[in-house]
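The following paragraphs give a guided reading of the structure shown below. Please keep the sequence and the coordinates at hand while reading.

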There are 2 protein chains.
Amino acid sequence: MVQKATASYCDFRPHFKTHQSATIGEWFREKGVTGITVSSVSMAEYFHETGWNDITIAFPFFAAQIEGLIKLNQSCKLRLFVNRAEDIQLLSRSLTNDFRVYIELNTGSNRSGIHHENRLQIDSIIEACSKLENVHFHGFYVHHGGTYKARSKEEITEIIAPTLSIYKDLKAGYPGAKFSLGDTPSASVMTTFDNVDELTPGNFVFYDWMQVQIGSCTLNDVALFSLLPVAQVSKDNNQAIVLGGAVHLSKDFVEDNGARNYGQVVNIINYEITPAPLYLSALSQEHGTITGNVETITGNHVVVCPIHSCLTANLHDHYLTTDGKIIDKRILS
Amino acid sequence: MVQKATASYCDFRPHFKTHQSATIGEWFREKGVTGITVSSVSMAEYFHETGWNDITIAFPFFAAQIEGLIKLNQSCKLRLFVNRAEDIQLLSRSLTNDFRVYIELNTGSNRSGIHHENRLQIDSIIEACSKLENVHFHGFYVHHGGTYKARSKEEITEIIAPTLSIYKDLKAGYPGAKFSLGDTPSASVMTTFDNVDELTPGNFVFYDWMQVQIGSCTLNDVALFSLLPVAQVSKDNNQAIVLGGAVHLSKDFVEDNGARNYGQVVNIINYEITPAPLYLSALSQEHGTITGNVETITGNHVVVCPIHSCLTANLHDHYLTTDGKIIDKRILS
């Protein structure tokens, strides 16, 4: 991802919400990364304490953030998402040092952000920034969640295309503004990034079964798995029970011909990862129900590729590497 | 629930997986509770350290539990779910002191447990217990997840009826065995418990929006809510963004006419709780999307009744009471 960003003259400002780990953060630093993206003030505080001094908080500003931001702004370069001119003024009064502002755009995925056609609101924010000494309008940010509905590289490219064309138009109207792209599927499958100045993917650090379904990666690219102890195997109804519930994996699922898959069992042999004929068909708090050919379960545990690695990682306080090292992370967003 | 259990001559052995809090555990102790139910060895360790000495681990035994169980068994009365005679022998060899065994039955909900008609396996476990000095067969346990599919008191009663009739039959065949019932919906709506010796509900301590839908309780019975900061209100598309995502609430939902509800916004006035015309229609990691009449959002936050309070509670390290007290809890199952 570093090489790809460099080749396209894009800044690379990875989202750290997926791993939430100071140690894994260091691996990025070794690759030359100096600025990062997070999703909350508390996550910014965690990474600032571990030596990161240039942080984007990729969540719309709300008033209760102020105290945390005042403190962070004393020693950390901040980039904030602000949707209203009055919030720009509030932030300018409250924060002593300079900070930068992104306008998050809604280009069709209908989560947060200002609709890209709402030029009145966009311009009011930029104008508010221009009048205040410690505020700098940085540019535009899009996380297009729509690419998560894609099921092939072609579909990802099709879904992100209108956003890139909106960026092209805005680039003409707002010279000097930077254009940032947030989602992992686009960053994974695109090879050139015209009209984009910055990439901030997060999930790609681990990937997961959902990203395999989307077409962002192959199963061999996935770097996070759950080792689940087998508690019961019932050959009568081809079902097994594992210790692996919603509190371990989260309750995200992908739908496969109408059946919900809460986690794909895999075989890993010499770092070759292949799907097993087994998947988690139901989760309660601690129980996972495995459906499929349970005759293939031979050991005391199964290895599961999580559906959504960000949420699975969030439920654990450390990682274990394949060579037995423990990697700490923060807990509880 | 204490009064109801007493009136029906049932032991009351509440499941503590919902609150996971030593302080809330004390409230139960004040009501005379001496034995509890948990779902993992680590949860048993937490509550044993806070003074509980009679604990059921309501999850099928698996080999990796052994070390934890050996330690717990030195100072804590244990009741374990064991599905295989060879595991009874393994446990007997490993644990120094006495322990009790439940046979978990599958009476139709098809999660863990032995199918109630599989008398061969049931008898092999009871026989294994009878031959070993430190093992005592205690009785049968059913958590019938099927009641979670009910949408009225009548449906709950209908769904649990076959289990009670199975209990009646088994009671004749296994004199001396105790019969335990685990699910919150049954414990909530039933008034008499023939052929049941023990109730172990957990969720009822807080209830949630799912239990309101099931018919276990009313909204006024719910005791856990999430206060979510409002980050953006878009009157164009009747949508608001709150800080409240899968890492705060979990990703459980109920379906309402095909639409997913990830959390019901409520109004609380003088402890009267009523649903607002707003609900969480989508969740990503940190963002919650609120759909409905956003004109009714007037403050800086919304109050949300979680879909599944066990999972929401699991994602937080403390509770805040309405009179401003912080109640600690354990984190990360």
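In chain A, the C-alpha centres of domain 1 and domain 2 lie 33 Å apart. Domain 1 covers 2-205 and domain 2 covers 219-328, where the bounds come from an automatic or database domain assignment. The model is a predicted one, in which local features need pLDDT of at least 70, side-chain atom pairs count only at pLDDT 80 or more, and totals for chains, interfaces and linings use all residues. Residues are numbered from 1 along each chain as its sequence is written, while chains are lettered from A and ligands numbered from 1 in the order in which they are written.

Between the two domains of chain A, the contact takes 8 residues from domain 1 and 6 residues from domain 2; two residues are in contact if their C-beta atoms, placed from the backbone, lie within 7 Å. The side of domain 1 of chain A that touches domain 2 of chain A consists of 1 nonpolar, 6 polar and 1 charged residues. In this classification Ala, Val, Leu, Ile, Met, Phe, Trp, Tyr, Cys and Pro count as nonpolar, Asp, Glu, Lys and Arg as charged, and the others, Gly among them, as polar.

Attention now turns to the helices of chain A. Helices (H or I, at least four residues) and strands (E, at least two) are DSSP runs, numbered from the N terminus. Helix H5 (residues 85-94) of chain A packs against helix H6 (residues 119-130) of chain A at an angle of about 20 degrees, with the axes 8 Å apart. Axes are lines fitted to C-alpha atoms, for helices over the stretch in contact, and angles run from 0 to 180 degrees between N-to-C directions. H5(A) is therefore roughly parallel to H6(A), given that angles under 35 degrees count as roughly parallel, over 145 as roughly antiparallel, 65 to 115 as roughly perpendicular and the rest as oblique. From H5(A), the residues A:Ala85, A:Ile88 and A:Gln89 meet A:Ser124, A:Ile125, A:Ala128 and A:Cys129 of H6(A). This contact of H5(A) with H6(A) has 5 nonpolar, 2 polar and no charged residues.

Chain A also holds a closed barrel of 6 strands, running S10-S11-S16-S15-S14-S17 with antiparallel pairing; two strands pair if DSSP finds at least two bridges between them. From one strand to the next, the twist averages 45 degrees. Strand S14 (residues 263-269) of chain A and strand S17 (residues 301-306) of chain A run antiparallel and are joined by 4 bridges. A:Gly263 has A:Pro306 in S17(A) as its bridge partner.

In chain B, 6 strands likewise close into a barrel, in the order S10-S11-S16-S15-S14-S17. Strand S15 (residues 272-283) of chain B pairs with strand S16 (residues 287-292) of chain B in the antiparallel sense over 5 bridges. Within S16(B), B:Thr291 is the bridge partner of B:Tyr279.

Which numbers of residues do chain B and chain A bring to their contact? Chain B contributes 43 residues and chain A contributes 43 residues. S10(B) gives the most to the side of chain B that touches chain A, with 4 residues. By class, that side of chain B has 17 nonpolar, 19 polar and 7 charged residues.
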